[in-house]
Amino acid sequence: MIEDTYMTIQQLERGDLKLRVRALEAERSLTRMATMQKAMMTAVVASMFVNVGTVLSVSAMSAAAAASFTGAGFCGLLTLVNMFKVKQAEKKEAQLTGSG
């Protein structure tokens with residue numbers, strides 16, 4: 001046991017062994033930020049579908065406009081789901097840090 005500890009310390013000193021430390025707070029933050037980025041991207045795509053649908057409806061292309069508005073609704077729903085996930089991640093973070 002003591003010899004193993006000594007060997008490990010020597011390997012660390014020589015650089016043969018590297019310690020890895022996980023920063024759980026950073027991992028949670030990255031996950032939350034990735035989910036927020038997904039939400040923002042789906043919101044941008046939803047607004048693009050609304051704009052395209054508006055142009056198509058003005059151009060009397062009602063079938064394509066309806067499809068575009070349907071896509072906007074779907075992307076809007078995905079945006080809401082992703083925002084809910086962000087809220088849940090923030091709530092979990094507040095519980096773990098003891099604030100809030």
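## The cover over helix α2

Helix α3 (62-97) is part of what covers the buried residues of α2; helices here are DSSP runs of H or I with at least four residues, strands are runs of E with at least two, and both are numbered from the N terminus. This is a predicted model, in which local features need pLDDT of at least 70, side-chain atom pairs count only at pLDDT 80 or more, and totals for chains, interfaces and linings use all residues. Residues are numbered from 1 along each chain as its sequence is written, and side-chain values use heavy atoms, with hydrogens and water left out.

The buried residues of α2 are T35, A39, T42, A46, G53 and L56. Buried means under 20% relative accessible area, exposed means over 50%, and partly exposed lies in between (1.4 Å probe, protein chains only). T35 lies in helix α2 and is buried because its relative accessible area is 13%. Setting aside residues up to four places away in sequence, T35 touches N82, K85 and V86, where a contact means heavy atoms within 4.5 Å.

## Lengths of α1 and α2

Helix α2 has 35 residues and spans 51 Å from its first C-alpha to its last, close to the expected 51 Å. The expected span is 1.5 Å times one less than the number of residues. Helix α1, with 13 residues, reaches 18 Å, close to the 18 Å expected.

## The loop and a surface patch

L17 belongs to the loop between α1 (2-14) and α2 (24-58). It counts as partly exposed because its relative accessibility is 33%. Together with L12 and L19, L17 makes a nonpolar surface patch of about 270 Å². Such a patch joins nonpolar side chains (Val, Leu, Ile, Met, Phe, Trp, Tyr) within 5 Å, or like charges within 9 Å, from residues with over 30% relative accessible area and no salt bridge. A salt bridge is a side-chain nitrogen of Lys or Arg within 4 Å of a carboxyl oxygen of Asp or Glu.

## The whole protein

The protein has 3 helices and 0 strands. Its radius of gyration is 25 Å, well over the 13 Å that the globule rule gives for 100 residues, so the protein is more spread out than a compact globule. This radius is taken over C-alpha atoms, and the rule is 2.2 Å times the number of residues to the power 0.38. The C-alpha trace spans about 80 × 35 × 15 Å along its principal axes. Buried residues make up 14% of the 100 residues.

Notes. Areas by Shrake-Rupley, 256 points an atom, 1.4 Å probe, with all protein chains shown as cover.
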